[in-house]
Amino acid sequence: MPLRVVVAGASGVVGRTLLPLLRARGHHVTALVRRCPDRSCAEQADEVVTADVLDLAALREALTAAAPDVVVDQIAGFGPAGPHDAEAARRAADRRAATAGNLVVAAVAAGARRVVAQSTAAAYRPHGHEVLDEDAPLWTDAPGCWGDLVRSIASVEEAVLTCPGIEGVALRYGALYGPATEFAPGGTVHEQVRGSALPVVGDGFGLTSFTHLDDAAGAVLEVLDDIDPGAYNVVDNEPAECAEWLPAYARMIGCPAPVSLTVEQAEAQLDWLTVHRLTEQRGATNFRLRETVGWRPAWPSWREGFAELLGHWPG
Ligand SMILES: NC(=O)c1ccc[n+]([C@@H]2O[C@H](COP(=O)([O-])OP(=O)(O)OC[C@H]3O[C@@H](n4cnc5c(N)ncnc54)[C@H](OP(=O)(O)O)[C@@H]3O)[C@@H](O)[C@H]2O)c1
């Protein structure tokens, strides 16, 4: 059934991918942007409304006029520095929690039935060598700025999943890759690998679950309607150890193999979060979303996805 859908963060990496998919399914799409409508949103949406989501009065007005059935929150807002700059990460965490809270309040006021919010599958407390499902606890007492970010993610989810009268869905994405992400040419990870600044640390056991932008956006289509409210991992089928994906990525961009460091060397040279990701982060399973709605990633493995992104894919 066609729905009225508002996309907040419509100009972001997932939002831009999502707009045409929603239109192709026949939904009425309102792009919510912060600044004067950019042309790509105007072309891909039925209407564009402008509001800073931190301005609750303006947001309420915009959402009430749009009269959505579903509000999709794709405001990540961590910016190109990502979570590695402690002060910026702290500010971003506060903003992220505030934008999600405002969107839920405004969605209720506008009579929306459902809110779908972007979350992350990288926030689980690491546990053994397991790949984790949605019942694993979020690492809200993680060290430093990662703790700030995980707590902000937890509060985004709480706002969305516990609001009376709203069916809340949190989509926990893996490391997002695709055009204009950190993994694309010119992106942070690409430049780090090119500059030999991202090593394999120790045994390289840190696991990353990846999500292609096509799948991040595609999963939204599956949760607009029937699916039970709750949190769902949206990740590919192949969580990868850093000892595996990092050399493969370096090969694909024509760079020398990454250097190897001991954990002690890495701790002396790199920030805590990078070492955590390369050594102890756990992957996530997409079993719940597969079983509940039959979702399948269009890019089941980062191997093919990276090859396509980096120009090695024959098709
Ligand atoms: N799971 C992951 O791995 C993951 C998740 C998120 C991001 N990233 C990476 O980080 C990079 C930077 O991403 P990003 O965090 O900046 O996300 P993004 O998806 O590129 O953009 C965030 C979106 O939220 C909007 N927004 C932010 N604050 C807003 C506000 N107060 N009111 C209304 N709209 C607001 C932005 O609008 P404007 O266009 O006006 O700024 C933009 O549309 C990405 O390219 C990606 O590589 C990775």
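**Note on the predicted model**

1. Ala67 is partly exposed, since its relative accessible area is 35%, and this residue sits in the loop between helix H3 (56-66) and S4. In this model, which is a predicted one, the phi of Ala67 is near 45 degrees, a positive value in a residue other than glycine.

2. Along the principal axes, the C-alpha atoms fill a box of roughly 55 × 45 × 40 Å. The chain contains twelve helices and 13 strands, and 51% of its 315 residues count as buried. Where contacts join residues at least 6 apart in sequence, 76% of them link residues at least 24 apart.

3. The surface and the charges can be taken together. The accessible surface of the protein chain comes to about 13300 Å², and 51% of this area belongs to carbon and sulfur atoms. There are 25 positive and 41 negative side chains, with the centres of the two sets lying 4 Å apart.

4. The largest nonpolar core has 33 residues, and the members that touch the most others are Val7, Leu18, Leu22, Val72, Leu171, Tyr173 and Leu289. Two or more residues each come from strand S1 (4-8), helix H1 (13-24), strand S2 (28-33), strand S4 (70-73), strand S6 (167-173), helix H7 (213-222) and strand S11 (230-234). Of these contributors, H7 gives the most, with six residues. Apart from this core lies another, of 29 residues, among them Ala248, Ile253, Leu309 and Leu310.

5. Helix H1 deserves a separate look, for its buried residues are Val14, Gly15, Thr17, Leu18, Leu19 and Leu22. An α-helix has 3.6 residues a turn, so residues three or four places apart point the same way. Beyond its neighbours up to four places away in sequence, Leu22 touches Val5, Val7, His27, Val29, Leu221 and Leu224.

6. How much of helix H8 (residues 242-252) is buried? Eight of its eleven residues are, so the helix is largely enclosed by the rest of the structure. The buried residues in H8 are Cys242, Trp245, Leu246, Pro247, Ala248, Tyr249, Ala250 and Met252, and Ala248 is also named among the members of the 29-residue core.

7. Thr30 lies in strand S2 and is buried, with a relative accessible area of 1%; not counting residues up to four places away in sequence, Thr30 touches Val5, Val6, Val7, Glu47, Val49 and Ala66. Thr211 lies in strand S10 (residues 210-212) and, at 1% relative accessibility, counts as buried. With neighbours within four places in sequence left aside, the contacts of Thr211 are Tyr173, Gly174, Ala175, Leu176, Tyr177, Ala216, Val234 and Val235, and Tyr173 in that list is one of the residues that touch the most other members of the largest nonpolar core.

8. Two separations give a sense of scale across the chain. Thr262 and Ala100 are 162 residues apart in sequence and 40 Å apart in space, C-alpha to C-alpha, while the C-alpha atoms of Thr30 and Val259, which are 229 residues apart along the chain, are separated by 47 Å.

9. Finally, Asn102 has its place in helix H4 (residues 86-109). At 15% relative accessibility, Asn102 counts as buried, because the cut-off for that class is under 20% relative accessible area. Leaving aside neighbours within four places in sequence, Asn102 is in contact with Val53, Leu54, Asp55, Leu56 and Leu59.

Key. Residues numbered from 1 in each chain as written. Predicted model: local features only at pLDDT ≥ 70, side-chain atom pairs only at ≥ 80, totals over all residues. Heavy atoms only, no water. Core = buried A, V, L, I, M, F, W, Y, C linked by side-chain atoms within 4.5 Å. Buried < 20%, exposed > 50% of the residue type's maximum accessible area, 1.4 Å probe, protein only. Helix = DSSP H or I, 4+ residues; strand = E, 2+ residues; numbered from the N terminus. Contact = heavy atoms within 4.5 Å. Areas by Shrake-Rupley, 256 points an atom, 1.4 Å probe, with all protein chains shown as cover. Lys, Arg positive; Asp, Glu negative; His and termini not counted. Charge placed at Lys NZ, Arg CZ, Asp CG, Glu CD.
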